[in-house]
Amino acid sequence: MSSHFDSTVLEQELSETLSAKRYQHSVAVGETCVRLQHRYHETFDERELCQCGLMHDIARDWNAKRLIQFADDHHLPLESEEKGCAVLLHAPVGAALLQERGFPEQLCIAVRYHTIGSIYMGRMGLLLYIADYIEPNRMHLDDEMRSSLLAEPTLEALCIRILEAERAHLLTKGKVVTHSGLELLHFLQEGGKL
Ligand SMILES: [Fe+2]
Ligand SMILES: [Fe+2]
């Protein structure tokens, strides 16, 4: 079932609850999801897809204490990396909030895995993961890099580029990609499709 929510009402809600910067990012991720769908000929309900991008960071401005408390209270199943890094919890917490409100399952699953990437995130999750990384407000990409990414022939190839870039970026900071993200990278490199 596609989303029955009114996008204007959701935008209004987010504009009142998120920081201005986060709100702008959220709107841009929704628009980028739809742009990616056109570019790669996907067939999701456009309103649902846009709302997936719009709502993905619904819990991003919560503090660590609140995220941990919510995850505990709701017995959310977490990846090991998420247990040790509270900011990553905004994904499972956001997904649980949206599920409680009756958003479609594939949208909730996409939100669930948008931070770490997963072979379980579904095709909507693939669009969201990419859109979150390339939306126009992201200053870590210049126009040339963005165009080069969008020249990739498939969403899978594009996602591989992002995962590899993330891995290289994290290495410079002495960190590693999550187990889930690495599993996704290997799955896609071996020709896997979401
Ligand atoms: Fe996020
Ligand atoms: Fe985001």
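Start by selecting helix H6, residues 90-100. His90, Ala91, Pro92, Val93, Gly94, Ala95, Ala96 and Leu98 are buried here (buried means that 20 or more other C-beta atoms lie within 10 Å of the residue's own, exposed means 12 or fewer, and partly exposed is in between, with C-beta atoms placed from the backbone). Because eight of its eleven residues are buried, H6 is largely enclosed by the rest of the structure. Helices are DSSP runs of H or I with at least four residues, numbered from the N terminus.

This is a predicted model, in which local features need pLDDT of at least 70, side-chain atom pairs count only at pLDDT 80 or more, and totals for chains, interfaces and linings use all residues. Residues are numbered from 1 along each chain as its sequence is written, while chains are lettered from A and ligands numbered from 1 in the order in which they are written.

Then step to Gly102, which follows H6 and has a positive phi near 90°.

Now for two histidines in loops. Most residues other than glycine have a negative phi. Select His41, in the loop between helix H2 (20-39) and H3; its phi is positive, about 55°. His41 counts as exposed because it has 7 C-beta neighbours inside 10 Å.

Last stop: His75, in the loop between H4 and H5. The phi of His75 is positive too, about 50°, and with 8 C-beta neighbours inside 10 Å, His75 counts as exposed.
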